[in-house]
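Here is a protein chain to explore. Take a look at the model first, then read on for a guided tour.

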Amino acid sequence: MLESLKPQPQDKILQLISLYRDDPRPAKIDLGVGVYKDATGLTPVMRAVKAAEKKLWEVETTKTYTGLAGELAYNAAMLTMILGQGHADRAASVATPGGTGAIRQALELIKLSAPDATVWISNPTWPNHPSIIKYLGMKMAEYRYFDAASRGVDFAGLLEDLGRVKPGDVVLLHGCCHNPTGANLDLAQWAQVVEVLLARRAVPFVDLAYQGFGDGLDADATATRLIASQFPEVLIAASCSKNFGIYRERAGILIALGDASHKSVTQGNLNFLNRQNYSFPPDHGARLVTMILEDAALTAEWKAELEEVRQNMLGLRQALADELRRMTNSDRYDFIAKHRGMFSRIGLSEAQVIELRDRHAIYMVGDSRINIAGLNAKTVPILAAAIAAVGG
Ligand code: LMR
């Protein structure tokens with residue numbers, strides 16, 4: 001049986017992790033996978049998470065199964081963090097293993113209820129989106145998103161393409177901090193997207209993996225909240241990997257908003273999908289998140305640290321844009337300071353990306369996506385000089 005297996009394409013982001021690890025050069029710089037690093041290169045356990053873990057060790061009395069949907073308190077706390085008040089009566093939800101688990105379950109739910117629906121993804125998008133859609137054998141289409149010349153959003157192209165969405169199609173949107181480009185819609189543009197998708201009778205599917213990394217915890221949820229308030233049905237896949245820094249704990253959530261009268265059937269389907277795929281979702285990370293969000297002091301501590309993280313990334317963006325201004329004698333990298341989130345697609349060719357890796361030991365994804373949080377005050381000028389050296 002196993003002999004009939006063919007090699008699978010490697011995920012281009014994960015592939016970089018091993019290439020970087022195997023590079024013996026001590027001054028190497030990792031701008032690949034989306035993991036936050038502080039000025040010392042460490043991905044720290046956040047202070048509130050540490051405090052919650054300590055408390056959990058003291059008070060936890062059992063490790064028996066949770067419910068299939070996870071702990072209801074987690075789902076309720078996450079719903080409030082993402083959408084605020086007012087949606088509980090129409091929100092079915094399940095805890096999932098990370099944001100990827102939520103995306104997978106959302107796609108499986110779409111497949112169950114609307115097997116002929118086309119799932120629209122932005123071009124470009126996180127490579128695992130099309131990968132899972134294809135793996136599930138679902139129909140897929142792309143809408144334009146990025147303007148390579150300005151490194152901003154190709155809004156005219158986006159609107160034109162979304163105008164072709166069919167009733168019942170699903171449109172996958174990055175709620176904030178677009179991955180991989182770092183270019184984002186402003187509120188007026190979101191309002192127009194809502195208008196078009198309402199007219200097309202589409203179902204929005206929001207991927208919210210970086211809430212708190214762009215303009216702030218609430219500001220980053222504004223588009224998702226607008227969508228939730230306007231559409232009869234919405235899917236939201238959210239992750240706690242980045243904003244709580246608990247990557248390996250695998251804490252995510254899938255929220256399905258629909259008519260309140262159908263909530264229990266939707267919930268039953270979500271529970272069913274969890275049972276088919278892994279039975280019970282992981283609990284540890286979700287429990288820490290719940291403890292933090294239910295405790296005012298821990299919430300304040302967590303929000304303060306998340307804000308430090310966000311400000312650090314904004315500072316690095318500005319420093320890199322300034323340094324590139326000096327090194328290239330031009331303003332063509334000013335967009336880096338305007339982008340939001342962990343990533344920016346900086347617009348180098350694949351050959352330049354390879355040269356940066358081979359000659360300068362600087363690792364970024366082949367489409368020239370850099371992880372801003374992989375930089376620090378020392379490496380910003382090194383990167384800027386290397387970009388100039390490869391003719392960027
Ligand atoms: C990324 O885009 O680097 C992150 O979302 C990590 C991943 O799983 O790809």
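What follows is a short report on the overall build, the domains, the interface and a few backbone details.

## Before you start

This is a predicted model, in which local features need pLDDT of at least 70 and side-chain atom pairs count only at pLDDT 80 or more, while totals for chains, interfaces and linings use all residues. Residues are numbered from 1 along each chain as its sequence is written, and side-chain values use heavy atoms, with hydrogens and water left out.

## The overall build

The protein chain has 14 helices and 13 strands. Both are DSSP runs numbered from the N terminus: helices are H or I with at least four residues, strands are E with at least two.

Picture the C-alpha atoms in a box of roughly 60 × 55 × 55 Å, taken along the principal axes. The radius of gyration is 21 Å, which agrees with a compact globule of 392 residues, because that would come out near 21 Å. This radius is taken over C-alpha atoms, and the globule rule is 2.2 Å times the number of residues to the power 0.38.

Domain 1 puts 22 residues into the contact, and domain 2 puts in 24; contact here means heavy atoms within 4.5 Å.

## Where the domains meet

About 1900 Å² is buried between domain 1 and domain 2, with carbon and sulfur atoms giving 59% of it. Buried area is the accessible area (1.4 Å probe) that two parts lose on being put together, summed over both. In domain 1, Arg310, Arg340 and Arg345 lose the most area to domain 2, together 30% of what that side buries.

One salt bridge is counted between the two domains. A salt bridge needs a side-chain nitrogen of Lys or Arg within 4 Å of a carboxyl oxygen of Asp or Glu. The side chains of aspartate 215 and arginine 340 form a salt bridge, at 3.0 Å from N to O.

On the side of domain 1 that touches domain 2, α1 (12-21), α11 (296-328) and β11 (343-345) each give two or more residues. The largest share, three residues, belongs to β11.

## Backbone details

Which residues does a cis peptide bond with omega near 5° join? They are asparagine 123 and proline 124, and proline 124 sits in the loop between β3 (118-123) and α5 (128-135).

Another cis peptide bond links asparagine 179 to proline 180, with omega about 20°. Proline 180 is in the loop between β7 (170-174) and α7 (187-200). Cysteine 177 is also found in the loop between β7 and α7, and its phi is near 50°, a positive value in a residue other than glycine.
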